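Biologist: Could you put the model up and take me through it, beginning with a helix?

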Amino acid sequence: MAATREQIMQALFALVSGSASFITASRRLRLWTDVPASERPAIFQYERDDTYTLGQQYTQRVEMNVDLYIYTAPGNDSGVIPISILNPLVDAVDAALKPSIVTRRQTLGGLVSHCYIDGKIMKDPGDIDGDGIAVIPVKILATV
């Protein structure tokens, strides 16, 4: 791998944490109950697992799986539509991870071959309890 995992994860974190006006941003996951409303919106980067496969010409490829947790605090004010607070934050992360229009890939500044949202985004806007959350699955592809 041309870049280390730490370099890759730092680049991803810099990209997504700067995508919106997050009050709290960390690579150390915290439970939403441990993040008070005064520290939200918040984003946390959680590294899940790596999967190795054999690529072309016997090169090894690694798929790194990361979850991005976004927490909001819309409260229980009936005048606020909770999803209207969460959606723009998800959109901001989505926009940050969009591929280049030239290369059609997001490479985290040339560190990896691909970085993209992969799978279902789980959203709970906080309609009932006043705590909003989104979990965005990200896949990173690199060659070892």
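Modeller: Helix 2 (residues 83-96) has 14 residues and spans 20 Å from its first C-alpha to its last, close to the 20 Å expected at 1.5 Å a residue, where the expected span is 1.5 Å times one less than the number of residues. Helices (H or I, at least four residues) and strands (E, at least two) are DSSP runs numbered from the N terminus. This is a predicted model, in which local features need pLDDT of at least 70 and side-chain atom pairs count only at pLDDT 80 or more, while totals for chains, interfaces and linings use all residues. Residues are numbered from 1 along each chain as its sequence is written, and side-chain values use heavy atoms, with hydrogens and water left out.

Biologist: Which residues of helix 2 are buried?

Modeller: They are Leu86, Leu89, Val90, Ala92, Val93 and Ala96, buried meaning under 20% relative accessible area, exposed over 50% and partly exposed in between (1.4 Å probe, protein chains only). Seen down the axis of helix 2, these residues fall within an arc of 155°, so they line one face of the helix; the arc is that of the directions from the helix axis to the C-beta atoms.

Biologist: And what do they pack against?

Modeller: The buried residues of helix 2 pack against helix 1 (5-17), strand 2 (42-54), strand 3 (60-72), strand 5 (122-124) and strand 6 (132-143), with contact meaning heavy atoms within 4.5 Å.

Biologist: Switching topic, is cysteine 115 buried or exposed?

Modeller: Cysteine 115, which is found in strand 4 (residues 114-117), counts as buried at 2% relative accessibility. Leaving aside neighbours within four places in sequence, its contacts include Leu12, Leu97, Val138 and Ile140.

Biologist: Which residues touch the most other members of the largest nonpolar core?

Modeller: Of its 25 residues, those are Leu12, Ile70, Val93, Cys115, Val138 and Ile140, a nonpolar core being a set of buried Ala, Val, Leu, Ile, Met, Phe, Trp, Tyr and Cys residues joined through side-chain atoms within 4.5 Å. Helix 1, strand 3, helix 2 and strand 6 each supply at least two residues of this core.

Biologist: How many salt bridges are there?

Modeller: The count comes to 9, taking a side-chain nitrogen of Lys or Arg within 4 Å of a carboxyl oxygen of Asp or Glu. In one of them, arginine 27 meets glutamate 6 at 2.6 Å, N to O. Arginine 27 lies in the loop between strand 1 (24-26) and strand 2 and glutamate 6 in helix 1, so the pair ties together parts that are 21 residues apart in sequence.
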